[in-house]
Amino acid sequence: MTYDADVAIIGYGPAGVAAANALGSYGLSAIAFERDKDLYQRARAVTVNDWTMRLFQSVGLDATVKEVMDPTYALRWVTYDGQEILRLGFPPGELGHATGYSIYQPLMEQRLRDGAARFDQVRVHLGVAVTGLEQDADGVTVHTRDVETGVEGSYRARYALACDGGSSKTRAALGIKMLGDTLGVRWIIIDAKVKRWWPNRHILTFWSDKERPVVDIALGVGNHRWEIPLAPGETDADFATPEQVWPLLESLGVSHDDVDIHQWAFYNHHIRMAERWRDGRVFLVGDAGHLMPPWAGAGMQSAIRDAFDLSWKIREVLAGRLPETLLDTYEAERRPNVAFYTEVAVGLGKIIKQELTLEEVAATAPPPGELPPLLWPPFLAGGWLRGAPTPDSVVGKMLPQPTVVTSRGTMARLDDALGTGFVLLGDGVSPLDVLTADEKAGWDALGASYLTVRAPDTHGEGHDELVDIDGNLTAWLRRFGARVVAVRPDRFVAASDQHGLAVPELAG
Ligand SMILES: Cc1cc2nc3c(=O)[nH]c(=O)nc-3n(C[C@H](O)[C@H](O)[C@H](O)COP(=O)(O)OP(=O)(O)OC[C@H]3O[C@@H](n4cnc5c(N)ncnc54)[C@H](O)[C@@H]3O)c2cc1C
């Protein structure tokens, strides 16, 4: 049977382009269809964090996207009379990147599209809409129509990713319901070019108010964003011209001397999740599978994380290293994570809309020294893991990314030294000295590599070593009492010597 590509990507927004980069970097072929000829110019998402940046790093794009982003300084909730209710700093995280970046989505997406263009085996058809699909035991056939010429086509792939956004026609065609609610309030989103500085422009500010809370955000590359709810009785038509929009900014003390408004749009927020994310060989990815309010800045990031999670799993299945049932762990792992960020977003929204008393807001602040949920390092609540991912277990946690030195003396970020496969790491011990023959055979079959993590004051013994120059990696392993860990391509710990080092089981 012949295929046009390993994977068909339906929709080329953040989810689609993330999948194209991940699949392309793994050497898989992909064919993407996007109905819009040009990149969507409305800036929607405003932020990415260190987890997402680490994913961009894994496909060699972190440096290029950072050129069109700025690190986020802090986040504060302020009442209209100037009282600061809560402030969140962005402390340096452990994943090897700043914990928050302010972005300008169209520029970031363009960099990601340029990145996917590096791969000859990734083909992108712009201005081509997917009109339907059917699947059988071996693959998916995707039907398309050129939006301008009307020319129709059919393409066959082993799997298809529905990255076609919140109103996904693919989801509808599969008969998958989107459960949840759309919130009644309509928001106007105003994007502007900065002409001069104003006090605290760099601090992401939620102007908290019952009637008219405002989100006030510095975006990347000299852009600024305000998100403002329409008042009862107001409609989109009341803000059809710049003259009608300007009073909203003027009421916040922003004048024509400060910014030029360059676009605005209207949105309703949703709290929705597809009842299932998989139908045979077709997967819902990003907004096609879930929608959340923007308060945690996690909608687009969840779309990108979905795409990367599924891509490495498809790689393993197509290579015949792991059974097809690995693909069921996509939803098992990503759904609880998306639900977690949705809950965080809803909670933050309550503060912005002053649905909580000041005492209740104060109670949401974490104890000193602890991070709020929004800044928790990534974790898995279940999935392709050996042993329960409890809070005190290393299993299910994401490995930090310190700077290390390879055994040949080159300083590198951990991930750049580890590559994109499975890796077993031993704290001062070779994993090979700890694994049983069966356990080793299991990881060998996955092409795993085995590395000893050395303290900088010890003498190296061989080539399969990393020097933990700042001691951060070994400190992290010891915090969880782990001596050897098995790390997945996405840098989550799949197994440790505490719960057994055999490859996690899968049905089939
Ligand atoms: C106001 C606002 C603020 C936000 N802020 C943030 C934030 O700070 N951080 C964050 O992470 N997220 C944020 N989000 C959410 C974020 O924008 C989305 O989650 C993200 O764009 C989802 O990406 P996606 O690729 O899944 O879907 P989309 O971006 O919707 O892309 C889907 C693509 O599929 C194409 N398509 C659809 N149907 C077809 C078809 N039949 N054939 C071919 N192509 C098709 C569409 O043209 C589109 O390009 C915000 C959203 C809004 C509305």
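Reply: Happy to! Strands of a sheet pair through backbone hydrogen bonds, either parallel or antiparallel. Here eight strands form an open sheet with mixed pairing, in the order β6-β5-β13-β14-β15-β12-β16-β19. Strands are DSSP runs (E, at least two residues) and helices are too (H or I, at least four), numbered from the N terminus; two strands pair if DSSP finds at least two bridges between them. This is a predicted model, where local features need pLDDT of at least 70, side-chain atom pairs count only at pLDDT 80 or more, and totals for chains, interfaces and linings use all residues. Residues are numbered from 1 along each chain as its sequence is written.

Me: Which strands stand at the edges?

Reply: β6 (84–89) and β19 (290–291) do; each has a single partner strand, so one side of each lacks a neighbour in the sheet.

Me: In which sense do β12 and β16 pair, and over how many bridges?

Reply: Strands β12 (residues 178–194) and β16 (residues 259–274) are antiparallel partners over 14 bridges. K193 stands opposite D260 in β16.

Me: What about helix packing: at what angle do α1 and α7 pack?

Reply: Axes are lines fitted to C-alpha atoms, for helices over the stretch in contact, and angles run from 0 to 180 degrees between N-to-C directions. For α1 and α7 the angle is about 30°, with the axes 8 Å apart.
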